[in-house]
Amino acid sequence: MQVRGWPIVLALAALAGCRVSPPAPPAPRPAPEPVVVERELVGRSVEGRPIEALTMGDGPVTVLVIASIHGDESAGTWLVRTLVERLEDRPTWLRGRRLVAVDVVNPDGVAAGTRHNARDVDLNRDFPAANQRRPGDPPTEPESRAL
């Protein structure tokens, strides 16, 4: 018969007339510092809708997460919002990092259910890159400039 644990030790000690105390439970870990979420207006769309960024964490590594740059592809908005909620519940996941999240980059397109913004510009093509409408030019749209 194999017996393990403190109940057996205590029972044997009691039979021998000794008093034995089990080890003290481990000290509770200090609660992690709550995550501070800062909301900032970073720009406005063509039609004046707000574009907001949420910032959380203060580490040296910054991660930018965006969603809904195409107004008819808004599933990412829910994912970004869920990510922010999870990070608020698990602040240790942010250790050493700063997250900047923009859950809706193209609010006019989301409102209209269209891929492009209110001026019919695909915001993915409005950045200085080889596949841009005007390679090397700075962004023309307020949504792109906000990013």
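Reader: To begin with placement, where is Asn117 found?

Author: In this predicted model, Asn117 lies in the loop between helix 3 (107-112) and helix 4 (142-146).

Reader: Why is Asn117 called buried?

Author: Buried means under 20% relative accessible area. The relative accessibility of Asn117 is 5%, so Asn117 counts as buried.

Reader: What makes the pairing of the side chains of Asn117 and Glu141 a polar contact?

Author: A polar contact requires a pair of N or O atoms within 3.5 Å. The side chains of Asn117 and Glu141 are joined at 2.8 Å, and the contact therefore meets that limit. The side chain of Asn117 also reaches the backbone nitrogen of Arg119, at 3.0 Å.

Reader: Which residues does Asn117 touch, not counting residues up to four places away in sequence?

Author: With that exclusion, Asn117 touches Val46, Asn106, Leu123, Glu141 and Glu143.

Reader: What do strand 1 and strand 2 form, and what is the phi of Gly48?

Author: The two strands form a hairpin with five residues between them. Gly48, in the turn, has a positive phi of about 90°.

Reader: How do you know what span is expected of helix 2, and what span does helix 2 reach?

Author: The expected span is 1.5 Å times one less than the number of residues. Helix 2 (residues 75-89) has 15 residues, for which 21 Å is expected; from first C-alpha to last, helix 2 reaches 22 Å, close to that value.

Reader: Which residues of helix 2 are buried, and against what do the buried residues pack?

Author: Thr77, Val80, Thr82, Val84 and Leu87 are buried in helix 2. The buried residues of this helix pack against strand 2, strand 3 (61-66) and strand 4 (97-102).

Reader: Finally, in what order do the elements of the protein chain run, and what share of the residues is buried?

Author: From the N terminus on, the order is α-β-β-β-α-β-α-α, comprising four helices and four strands. Of the 147 residues in the protein chain, 30% are buried.

Notes:
Residues numbered from 1 in each chain as written. Predicted model: local features only at pLDDT ≥ 70, side-chain atom pairs only at ≥ 80, totals over all residues. Heavy atoms only, no water. Pairing = 2+ DSSP bridges. Buried < 20%, exposed > 50% of the residue type's maximum accessible area, 1.4 Å probe, protein only. Polar contact = N/O pair within 3.5 Å; in protein donor to acceptor, adjacent residues only side chain to side chain. Contact = heavy atoms within 4.5 Å.
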